[in-house]
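Please take some time with the sequence and the structure below, and keep both in view while you read.

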Amino acid sequence: MDSKQRELRKALHHATDYASWREAAEALDHYEGLDEWRLDDTSEHYDWRLVRARLRQVRQYRQEMQITKLVHHLRQGLHWNLGNTGNPRLYDYARVGTKKLIHDYITEIASALEFLRDLDVPEFPHAAKLKFFTEVAQSYGRSALMLSGGATLGLFHVGVVKALFREGLVPSIMSGSSAGSIVCATVGTRGPDEVEQLLDPEAAYYHFWRILPLRDMLRNRAIADQAQLRKAIAANVRDLTFEEAHQRSGRVINITVSPAGVNQPPRLLNYLTFPYLYLHEAVLASCAVPVLFPPVMLMTQDERGERVPYMPLLRWNDGSLKSDLPILRMRRLHNVNHFIVSQTNPHVLPFVSRREPGHGGPLHAARNYLYSTVSGQAKSLIDLARHNLPTAGGLRRALDLSSSVLDQEYRGNINILPEVSLWRYANVTANPTMESVKRFMLEGERATWPRMEMIRNQTLISQTLNDCVECLEKGPCARPASTRPGTKPELRVVRAR
């Protein structure tokens with residue numbers, strides 16, 4: 001390594017914002033000759049011939065104003081991960097971005113969609129436009145940001161959201177469990193113009209923990225003070241129902257909670273499934289780790305607007321126990337087929353590889369096989385005990401919990417992970433100092449920056465489709481100067497409907 005490389009690597013390591021990180025990363029990529037790889041369309045990791053052919057077709061139809069052909073071509077030819085362009089291996093070579101062909105294709109599709117949205121011609125009237133964009137958006141699918149549990153490690157999520165927000169890449173659909181539910185609900189109860197203030201580490205309240213005296217532990221059957229947790233949630237999350245939060249922020253926020261008893265499934269709370277539930281109790285329940293905190297009764301708004309208990313006989317606790325990442329439910333409810341995961345769960349991190357599937361060679365594959373085999377066998381034995389042995393209530397709940405933990409999927413299409421250390425595990429239930437808060441947030445940002453262009457490329461088309469639908473539902477769209485045909489569309493936070 002020569003002095004120039006050392007200088008650029010040093011600048012990369014000490015960057016404190018994405019702009020400076022990207023500048024150093026691009027310079028290092030250029031210095032190491034990776035620009036040549038980007039400019040070469042060919043690769044075994046995607047169908048470059050298909051992508052190049054479809055790019056040429058779209059450009060030709062748009063330039064020649066063949067509107068009917070362009071609409072027909074996009075209607076049944078626009079799909080997520082066309083030609084395997086979302087393959088993570090395509091982002092392993094360069095520090096910033098991937099093949100220029102992929103970038104050009106995604107940008108051209110987004111520009112073509114905005115071109116059609118703003119076009120005023122008799123053969124493509126407003127009603128036909130709205131039908132086209134609604135159907136294509138449904139077919140293409142959507143992206144979601146999923147924030148796992150993690151106690152104090154959940155501060156990492158704040159940095160991830162901050163990095164994405166600054167680039168206009170926070171998906172309008174978010175989910176959170178346990179610590180992730182606090183970040184999700186904090187963002188989801190504020191309008192787009194109010195989120196920026198949350199990115200200041202001194203603008204939020206981070207004292208969630210207070211250990212109870214022994215006498216109170218025995219009386220409450222819990223180690224930590226739930227009143228302190230409630231106070232911290234109230235300081236960060238506005239006291240709204242899920243429906244009110246959706247109306248205010250335009251975001252679809254999802255909170256997971258697990259049943260404290262048996263014979264109840266975990267629940268995914270959002271404005272569709274539980275519109276009148278209050279967020280404060282939902283987040284409190286999602287954070288109620290057994291032993292640390294007692295289970296929580298949810299609260300709802302009745303037909304008179306009064307705050308009343310929701311199913312008073314039921315209690316709920318930590319959402320990450322049975323549904324840390326509610327992938328299947330999100331697919332069904334919100335048409336999500338692309339998941340960005342910020343994973344900080346302490347019992348998950350030691351077993352989650354930083355490599356994407358198929359990476360790392362034979363040793364890595366063998367490690368994954370061994371882990372999946374052992375976890376599968378363990379789950380089978382636990383399920384055998386659950387269904388065939390006489391078990392008391394406490395033991396039954398423990399077996400149910402163990403089975404759920406082993407049965408979950410903890411990764412998405414794009415995974416952002418913090419560093420793991422014994423010091424962090426030792427302080428996972430401690431109130432952080434302001435220095436620690438800033439360090440956690442910066443780590444979350446830094447872990448997101450190398451994934452930023454991958455996220456941008458994989459979400460731009462769905463963002464554009466959703467934006468077009470929203471615009472057309474309000475009536476005929478006027479063409480903004482920044483979205484004329486041939487210009488690069490502006491990236492922004494998209495409001496969900």
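What follows is a guided walk through this model, one kind of feature at a time.

The model is a predicted one, in which local features need pLDDT of at least 70 and side-chain atom pairs count only at pLDDT 80 or more, while totals for chains, interfaces and linings use all residues. Residues are numbered from 1 along each chain as its sequence is written, and side-chain values use heavy atoms, with hydrogens and water left out.

We begin with the spaces. On a 1 Å grid over the protein atoms alone, a cavity is a set of points where a 1.4 Å probe fits but cannot get out, whereas a pocket is an open set with protein on both sides within 12 Å along at least five of seven lines, and lining residues have an atom within 4 Å of a point. Grid points are joined across faces, edges and corners, and a volume is the space filled by probe spheres set on the points.

The largest pocket has a volume of about 680 Å³, and of the 38 residues that line it, Gly-150, Ala-151, Thr-152, Ser-178 and Ala-179 are the closest to its centre. Two or more lining residues come from each of the elements α8 (155–166), α9 (179–188), α11 (226–236) and α14 (320–323), where helices (H or I, at least four residues) and strands (E, at least two) are DSSP runs numbered from the N terminus. Helix α9 gives the largest share of this lining, five residues. Sorted by class, the lining has 26 nonpolar, eleven polar and one charged residues; here Ala, Val, Leu, Ile, Met, Phe, Trp, Tyr, Cys and Pro count as nonpolar, Asp, Glu, Lys and Arg as charged, and the others, Gly among them, as polar.

Why can α9 be called largely enclosed by the rest of the structure? Ten of its ten residues are buried, so α9 is largely enclosed in this way, where buried means under 20% relative accessible area, exposed over 50%, and partly exposed in between (1.4 Å probe, protein chains only). Among these buried residues are Ala-179, Ile-182 and Cys-184.

The structure also holds five cavities of 30 Å³ or more. In the largest cavity lies about 100 Å³ of space, and 14 residues line it, with Asn-81, Thr-85, Ile-106, Tyr-140 and Asn-457 the closest to its centre. The elements that give two or more residues to this lining are α6 and α20 (452–473), and the lining residues divide into eight nonpolar, six polar and no charged. The second largest cavity has a volume of about 90 Å³, and the largest share of its lining, four residues, comes from α20.

Next come the charged pairs. The structure holds 30 salt bridges, each being a side-chain nitrogen of Lys or Arg within 4 Å of a carboxyl oxygen of Asp or Glu. In one of them, the side chains of Arg-95 and Glu-32 meet at 2.9 Å, N to O, and this pair links distant parts of the chain, 63 residues apart. Both Arg-95 and Glu-32 also belong to a network of salt bridges that includes Arg-9, Asp-29, Asp-35 and Arg-38. Another salt bridge joins Arg-75 and Glu-135, whose closest N and O atoms are 3.2 Å apart; Arg-75 lies in helix α5 and Glu-135 in helix α7 (residues 126–140), 60 residues apart.

The aromatic rings come last. A pair of aromatic rings is described by the distance of the centres and the angle of the planes. Rings of Phe, Tyr and Trp (its six-membered ring) pair if their centres lie within 6.5 Å, and planes under 30 degrees apart count as stacked, over 60 as edge-to-face and the rest as tilted. By this rule the count comes to seven aromatic pairs. Phe-132 and Phe-133 form an edge-to-face pair, 5.0 Å centre to centre with 80 degrees between the planes, and both Phe-132 and Phe-133 are buried. Phe-274 and Tyr-310 also form an edge-to-face pair, at 5.7 Å and 85 degrees. Phe-274 lies in the loop between β4 (267–269) and α13 (279–286) and Tyr-310 in the loop between β6 (307–309) and β7 (316–317), so the pair ties together parts that are 36 residues apart in sequence.
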